[in-house]
Amino acid sequence: MNRNQNNRKTSSRRHPMTREEAILAEKKRAEVRKRQQQTRKLVQKGIAVAIFSLIGAVICLIIVFSYIFVDFRAYDKAPDEPVKITYEKDSTVVLDKDYYSYKNGEYYISLTKLSQLCSFTLHGNSKNMTLTISDGKSASFDIGTPNVKVGNIYSVLKNPSYFSGGHLFVPASFFEDLCNGIKCEFDKMGKVRGFNMIFDKDFSFRVNAEKESEAILGSTLSTSSEGEEIKFKADLSDYEMYMNPENKDEYLILINNSNKLSKDYIPDDLIEISDTRNDRDKEKMRLYPAKALEAMFIEMRANGFYDMGVTSGYRSYEYQQTLVENETAQFLSQFDGDREKAREKALSRVSAPGSSEHQSGLCVDMSTSAVLSEAFSQTAVYKWLYSNCANFGFILRFPKDKSAETGIVFEPWHFRYVGRYHAQKIMDEGLCLEEYLQNIG
Ligand SMILES: [Zn+2]
């Protein structure tokens, strides 16, 4: 049988193979097979390298494009047409590109450059700068925010001022909205293409005289629940409706371990908190508290407190769950791995999912530093907040001596919006929300 097969295989050859020849042939075949295998492996490797390179290239392209996209959104491309400034009897300068920009849909002009041209004085630091013009009047900019104080009146611009390359840039709307004797012209060809600023010889700030005198005396724009006057340094009249909501009970909601929010509760009027710390994405909160908080920050700045920022606003149920888990993990070793005890300890510091006010969008954590600590209670701004937060509709939610009632340790950074009416009663009587609701209930 074997021989037959062998015969059949070799029958096509001219000479029958010797045993050595057969071995040699077999070796050759094996070599060819090996080479084929190697080639195949090489090709496979090549294909893999090509695929990975392609994926890498695509990722790079995506990164580059998204970078460009983000960049364009943040810095809107300035129209090519020049920015001209006409001052002192027709002296016109065309501003160098370093002295203007185009952001958020409007021109920004370097106030530093403008001051040199028009002999205004500009002094201050990277947080706050004051422009003084020839009539002695001044305008102070809270850099990085839209807040500006002209004379004694605080105003809010459409866009924030910013500091770059040693220059203070302010939005052109500042000149349009708050100055007299200046004309801002746009060359319009379908869209804004150029910008002219023409100074009259009597350039001055536009200040509402009535508001000005009120501000000098101490603004008395608001009244407390007891009918007493509240004196704000800033003009917060636009914020009154938010600090003191028409329906005074609408935001008087108790959220704690015994009064939980449902897992799928998400407020439907969340807006960004303008005073979120610069080192994080904008936090959110419900409309009324967010506007009332904005007012509180304007007033804080009017009182010389510039270094406050919001670290946390609205948090989802799921996020709160993660916070509790992280906190529990930190206490595990302290309780020799007893999860139950570690969680109990964690829950004395972080609210259980559903029981955190942060899910309601009615509260914020804010401080002068990114790290929240009890040391904040020693700062002057905390003392100011403690005495004044109620005027804006906020209460200190977890006071020092109320842990037994609230179930939460002292949190000098956590402020909760309830509206002015109830906030003033709660803060005046030195109560926590639980006690207040029991008293009126
Ligand atoms: Zn908090």
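Predicted model: local features only at pLDDT ≥ 70, side-chain atom pairs only at ≥ 80, totals over all residues.
User: Which residue is the bridge partner of Asp365 in strand 21?

Analyst: Residues are numbered from 1 along each chain as its sequence is written. Strands here are DSSP runs of E with at least two residues, numbered from the N terminus, and two of them pair if DSSP finds at least two bridges between them. Strand 19 (residues 363–367) and strand 21 (residues 414–417) pair in the antiparallel sense over three bridges, and in strand 21 the partner of Asp365 is His414.

User: Which strands are the edge strands of the open sheet?

Analyst: Good one to trace by eye: the sheet has four strands in the order 18-19-21-20, with antiparallel pairing. Each edge strand pairs on one side only, and these are strand 18 (309–312) and strand 20 (394–396).

User: Are helix 8 and helix 9 parallel or oblique to each other?

Analyst: Helices are DSSP runs of H or I with at least four residues. Helix 8 (residues 317–331) and helix 9 (residues 339–346) pack at about 120°, their axes 8 Å apart; axes are lines fitted to C-alpha atoms over the stretch in contact, and angles run from 0 to 180 degrees between N-to-C directions. Under 35 degrees counts as roughly parallel, over 145 as roughly antiparallel, 65 to 115 as roughly perpendicular and the rest as oblique. Helix 8 and helix 9 are therefore oblique.
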